[in-house]
Amino acid sequence: MSFTAPFADITFLAKLFGLDQLETEGLAPELADGLAEAILEEAGKFATDRIAPLNRIGDTIGARFDNGHVTTAPGWIETYRDWAQGGWNGLTASVDHGGQGLPHLLHLACSDMWTSASMAFMLGPMLTSGAIDALAAHGSDELKRIYLAKLVSGEWMGTMNLTEPQAGSDVGALKTRAERTGDGTYRITGQKIYITYGEHDMTENIIHLVLARLPDAPQGSRGISLFLVPKFLVNKDGSLGARNDVRCAGLESKLGIHGSPTCTMIYGDESGAIGYLIGEENRGLNAMFTMMNAARLGVGLQGVAIGERAYQLALSYAKERKQGRALNTKSEGSSAIIEHADIRRMLMLMRAKTDAARAICYMTAAAIDRAHREKDAQKKKQAEERAALLTPVAKSWSTDIGIEVASLGIQIHGGMGFIEASGAAQHLRDARIAAIYEGTNGIQAIDLVTRKITLSDQAFS
Amino acid sequence: MIDRAKSRPADALASATAYQTLFGITLGGIALVKAALADQGPTADKRIALAKFFAEQIAPESGGLEKIVKDAASALSTIDSVLFA
Ligand SMILES: Cc1cc2nc3c(=O)[nH]c(=O)nc-3n(C[C@H](O)[C@H](O)[C@H](O)COP(=O)(O)OP(=O)(O)OC[C@H]3O[C@@H](n4cnc5c(N)ncnc54)[C@H](O)[C@@H]3O)c2cc1C
């Protein structure tokens, strides 16, 4: 069940599908002198040595709930601490906020390996980086000063709170209320469900980004505002203050990603949770989109990452397991199943689809980097449209193939694949959610045909 | 599909997922060819084999998907007779 991060292969594809061009066009001068290679090699080592061993215990023991508290699986806190201390959480964040200002594509390629090592483990950092993006793009200077540095360092984690029982794909149906208090802050009241890393013991504070509706807000998606709601309020000097009026009411019992706590969150049991507006009133979806686009690509990458891990596992089993005699075999006795044409076909399907999806995700990240870095307005707009066009494809196709590849991995194992001890089953169970959250793949298809392909012809070039 | 999204949105939605898959397969196939052409190193043979395999065993699915994208709609209007029978 071991996993080895394929950093050489990932380096090749990341350079080919974006990093080289960004560098030669002067858009990413920091990549000179083999910086990308060095970073990817180190990231790969951390994935292989430290994160991969957590994946199984995350599945079997998982996150546990007891009286409002969530305990993550054994070893997770320590590994997260070392990962954050290695500076890995802040790769793309701006240097002004304590980050390293590196390309998103480089971060995605690192995440590819960390996510293969443990998808459930990497969900927290994925959502945190979305929160950083939204706060950096839309937050006030005061909010940025208090919250950004600790989110960038990984000392605190972020969450994304859209979903409510009656509001899933239809975000506009959400009912969580926000009331103005008169001193510039807001009181948030309502229930959110399925909130990933909504409560846990990996960081001392958790920064919730919550969508809610003001009393005088227009109906539907034009009446939604975005708020920052910390688990612990933060004093002027940066120290932690009182506990905010937000709590986790329970965890879901689910098909996969058992290590990732999926929380029901209650805001405002008592007097209302204190929240701070991000961006403008009623323009919350706009601010949340900053977070969602990056998260959509991050979820697409989960399909790739699970595909990689399932392939490695199936390949090693196919070389060991002996059964029957392959056509034209020269060896004595029964053949390793990897000699059988149908097993070879399945392994190639796994490898080819995983590589193709990886390339699509990397291209999408390259377009995002170009959109951020291009000076020329025309080229910038073109890159923005390309990123917008590719994001639903990267999200949906990669997660579709992730499920298919994980299923093929089980098939290659035969009966053993259905037995949990092989580890093949966990990959399919984990992969399954990626086609559902962050906008189901059906919703992505609607976005693609009704909004994206009509953007402009330039996006296709 | 661009025309249809504007003129007959209901038909476009009926085949949106097929279109999305077609998009993924096409772009993914092109990417593997690009990788095969670019690789001058020790992994060149591997990338050529992957691109060929994709061309032979995956890319042909796009023909069927294209037909779905073009034709889907006519049968959809009669689906209620199954789902609400
Ligand atoms: C493990 C897990 C973690 C999650 N983490 C988070 C999180 O951190 N934060 C958060 O806010 N949410 C989170 N979610 C919620 C997730 O994003 C939603 O479940 C998802 O968006 C789908 O919403 P829904 O479950 O209400 O399904 P529904 O919207 O009820 O969808 C049911 C089905 O109907 C289809 N459908 C819905 N509307 C349309 C339409 N207009 N046209 C065509 N088809 C349609 C969908 O594609 C789907 O197949 C998480 C969910 C899970 C299970």
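Predicted model: local features only at pLDDT ≥ 70, side-chain atom pairs only at ≥ 80, totals over all residues.
Residues are numbered from 1 along each chain as its sequence is written, and chains are lettered from A and ligands numbered from 1 in the order in which they are written.

The cores come first. A nonpolar core is a set of buried Ala, Val, Leu, Ile, Met, Phe, Trp, Tyr and Cys residues joined through side-chain atoms within 4.5 Å. Buried means under 20% relative accessible area, exposed means over 50%, and partly exposed lies in between (1.4 Å probe, protein chains only). In soluble globular proteins, nonpolar side chains tend to be buried together. The largest nonpolar core here has 116 residues. Within this core, A:W114 and A:Y362 have the most contacts. Helix α9 (residues 341-373) of chain A gives the most to this core, with 17 residues. Helices (H or I, at least four residues) and strands (E, at least two) are DSSP runs, numbered from the N terminus. Another core lies apart from the largest one and has 31 residues. Among them are A:A93, A:I146, A:A167 and A:L285.

The partners of A:Y362 can be listed. Contact means heavy atoms within 4.5 Å. With neighbours within four places in sequence left aside, A:Y362 is in contact with A:I10, A:L13, A:A14, A:F17, A:L105, A:L108, A:A109, A:D112 and A:L301.

The ligand is next. A residue is near a molecule or strand if one of its heavy atoms lies within 4 Å of it. There are 17 residues around the ligand. Of these, A:T163, A:S169, A:Y194, A:T196 and A:T440 come nearest. Polar contacts are pairs of N or O atoms within 3.5 Å; within protein, one must be able to donate a hydrogen and the other to accept it, and residues adjacent in sequence count only if both atoms are side-chain atoms. A backbone N or O atom of A:M160 lies 2.7 Å from a nitrogen atom of the ligand. For A:L162, a backbone N or O atom lies 2.8 Å from an oxygen atom of the ligand. A:T163 uses a polar side-chain atom, 2.7 Å from a nitrogen atom of the ligand. Taken alone, the ligand exposes 970 Å², and the protein buries 60% of that. Accessible areas come from the Shrake-Rupley method with a 1.4 Å probe; for residues, only the protein chains shown count as cover.

Three elements of chain A give two or more residues to the shell around the ligand: β3 (156-161), β5 (186-196) and α13 (441-452). Strand β5(A) gives the most, with three residues. By class, the shell has nine nonpolar, seven polar and one charged residues. Here Ala, Val, Leu, Ile, Met, Phe, Trp, Tyr, Cys and Pro count as nonpolar, Asp, Glu, Lys and Arg as charged, and the others, Gly among them, as polar.

A:T115 lies in helix α5 (residues 104-117) of chain A. It counts as buried because its relative accessibility is 6%. Beyond four places in sequence, A:T115 is in contact with A:M122, A:L301, A:Q302 and A:A305. B:R47 is found in helix α4 (residues 44-57) of chain B. B:R47 has a relative accessible area of 4%, so it is buried. Leaving aside neighbours within four places in sequence, B:R47 is in contact with A:D9, A:F12, A:L13, A:D355, B:A35, B:A36 and B:D39.

Loop residues follow. A:P215 lies between β6 (205-212) and β7 (225-230) of chain A. At 57% relative accessibility, A:P215 is exposed. A:P215 touches A:A178 and A:E179, not counting residues up to four places away in sequence. A:N67 lies in the loop between β1 (64-66) and β2 (69-71) of chain A. Its phi is positive, about 50°, although A:N67 is not a glycine. A:N67 counts as exposed, at 67% relative accessibility. A:I257 also has a positive phi, near 35°, and is a residue other than glycine. A:I257 lies in the loop between β10 (246-251) and β11 (262-267) of chain A. With a relative accessible area of 5%, A:I257 is buried.

Definitions and conventions:
Heavy atoms only, no water.
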